[in-house]
Amino acid sequence: MVPRVQLPPEIQLAQRLAGNEQVTRDRAVRKLRKYIVARTQRAAGGFTHDELLKVWKGLFYCMWMQDKPLLQEELGRTISQLIHAFQTTEAQHLFVQTFWQTMNREWTGIDRLRLDKFYTLMRLVLKESLTALRMRGWEERQMEQLLELLTTEILHPDSQAPNGVKSHFIEIFLEELAKVGAAELTADQNLKFIDPFCRIAAQTKDSLVLHNITRGIFETIVEQAPFAIEDLMGEMEEEEEELEGDEEEEDVSSKNLFREPPKGAFRGADPGEGEGEERPEDDEEEDGASSVLQFDYEAVANRLFEAASQQSTPSLNRKRLYKVIRKLQDLAEGVFPEDDIPEKAYRKLLQGRRERKAKKRSSKSRRQSKTGRGEQEDPPADLSSRPEGTRQWRGTGADSTAPQQQRGGRGRRGALERRRRPRAGAGPKVPGCREPGTKKKRMQKSKK
């Protein structure tokens, strides 16, 4: 009997990750995380390049087998967060590198029905890669290593990345970078992040890559200029509103100290107060946090001009990049290219202004309602204690019960019955029919 060969743990996990049952796949993902943590904690531990390729093969087909969009997104988030289980930066970069190599190898076999889930997986892995960089304080050396890795595996002309992977990566790069580091990154750091795109745009001979970089990176920076200005103005307005709000609260609190509550009102807080009111949720942090990257437009124009003005740059690339450089120079000089901003971005800008104005009005109305609630709301009094002048709708000098019966009692019903009874001879005249009175008169004349 042939002894059974013991397979390496990476192959065993990969086989379970690609299983038919979802319970088996979920259990394998949890075991994989524990295995990564245990192995990378050892001094002599760590994964080789081939071992991580096998792991990613299983993770790829684990995503392949997952149905339903919400479960796909949850699984993609779980897979992408495996990068934080690695204890060293080198292991994290190797994990990211093998992921993009796996996507490049398997991309042509993905059918159109499964494209969306792998688009989502690429977006989530890029986001977690940038998050790991942020957790280490945006160190310059690690930033350069990550950018070199992404350039080699995706953007470089010698890479094996298909056009679909390149196009999607260029499209989502600034979006995910803004989500992770827009509130922390400076203009100089953002310039370093887009430096590989400047070099590739000047060197590439692929017109599709040139178009995607120009449209997805540089023209996006130009289009986001109004949003960046709007964010700066919004921050200044928020600071002014906070100062004004503090002053108003101090004035109101000082006035309320010496004010007596109205008669019939409780001196404590109303137990039912605030139950039916909508309290402002903590979404202000997301709205207040900057979601647009800040750039030094003059520095970006100079860096792009340096790359485009080289002799090895193709004439088509140079002509296309010079147009973008002019727009960036205009922005640096304070000339805003309103005509070049698409209508969609302009509508979004106007919508953001309206939403902020609505939020300001609602916050002011809430403050006024809270401060003036004791004055505006009168205590409910007994109806029997009201003077007769408040019952004018019942009439003066008449019994109070009589009009009520006349409104909804027998008097009203009698009026309706009188309306319903038809009068004699008041029926509708139908052609060809005689009225009863005329018929009797004719009969009497004939008898005579």
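**Figure 1. A look at the residues around the largest cavity of this predicted model.** Ile83, Thr89, Gln92, His93, Val96, Ser129, Ala132, Leu133, Arg136, Gln142 and Leu146 make up the lining of the largest cavity. If you want to know which elements give two or more residues to that lining, look for α5 (89–106), α6 (115–135) and α7 (140–155). Helix α5 supplies the largest share, with four residues. Sort the lining by class and you get five nonpolar residues, five polar ones and one charged one. The space inside comes to about 80 Å³. Searching the whole structure turns up three cavities of 30 Å³ or more.

**Figure 2. Helix α1 next to helix α3.** Here you see α1, which covers residues 9–17, and α3, which covers residues 49–65. Their axes come within 7 Å and cross at roughly 10°. Angles under 35 degrees count as roughly parallel, so α1 gets that label relative to α3. Who does the touching? On the α1 side, pick out Glu10, Ile11, Ala14 and Leu17. On the α3 side, the contact uses Glu51, Lys54, Val55, Gly58, Leu59, Tyr61 and Cys62. Put by class, the contact of α1 with α3 has seven nonpolar residues, one polar residue and three charged ones.

**Figure 3. Helix α10 next to helix α14.** From α10, the contact involves Leu210, His211, Thr214, Phe218, Glu219, Ile221 and Val222. Facing them from α14 are Leu316, Asn317, Arg320, Leu321, Val324, Lys327, Leu328 and Leu331. How do the residues of this contact of α10 with α14 divide by class? Nine are nonpolar, three are polar and three are charged.

Figure 4. Across the protein chain the mean pLDDT is 77, and 63% of the residues reach 70 or more.

Conventions:
Residues are numbered from 1 along each chain as its sequence is written. This is a predicted model: local features need pLDDT of at least 70, side-chain atom pairs count only at pLDDT 80 or more; totals for chains, interfaces and linings use all residues. Side-chain values use heavy atoms; hydrogens and water are left out. On a 1 Å grid over the protein atoms alone, a cavity is a set of points where a 1.4 Å probe fits but cannot get out, and a pocket is an open set with protein on both sides within 12 Å along at least five of seven lines; lining residues have an atom within 4 Å of a point. Grid points are joined across faces, edges and corners, and a volume is the space filled by probe spheres set on the points. Ala, Val, Leu, Ile, Met, Phe, Trp, Tyr, Cys and Pro count as nonpolar, Asp, Glu, Lys and Arg as charged, and the others, Gly among them, as polar. pLDDT is the predictor's confidence in each residue, from 0 to 100. Axes are lines fitted to C-alpha atoms, for helices over the stretch in contact, and angles run from 0 to 180 degrees between N-to-C directions. Angles under 35 degrees count as roughly parallel, over 145 as roughly antiparallel, 65 to 115 as roughly perpendicular and the rest as oblique. Contact means heavy atoms within 4.5 Å.
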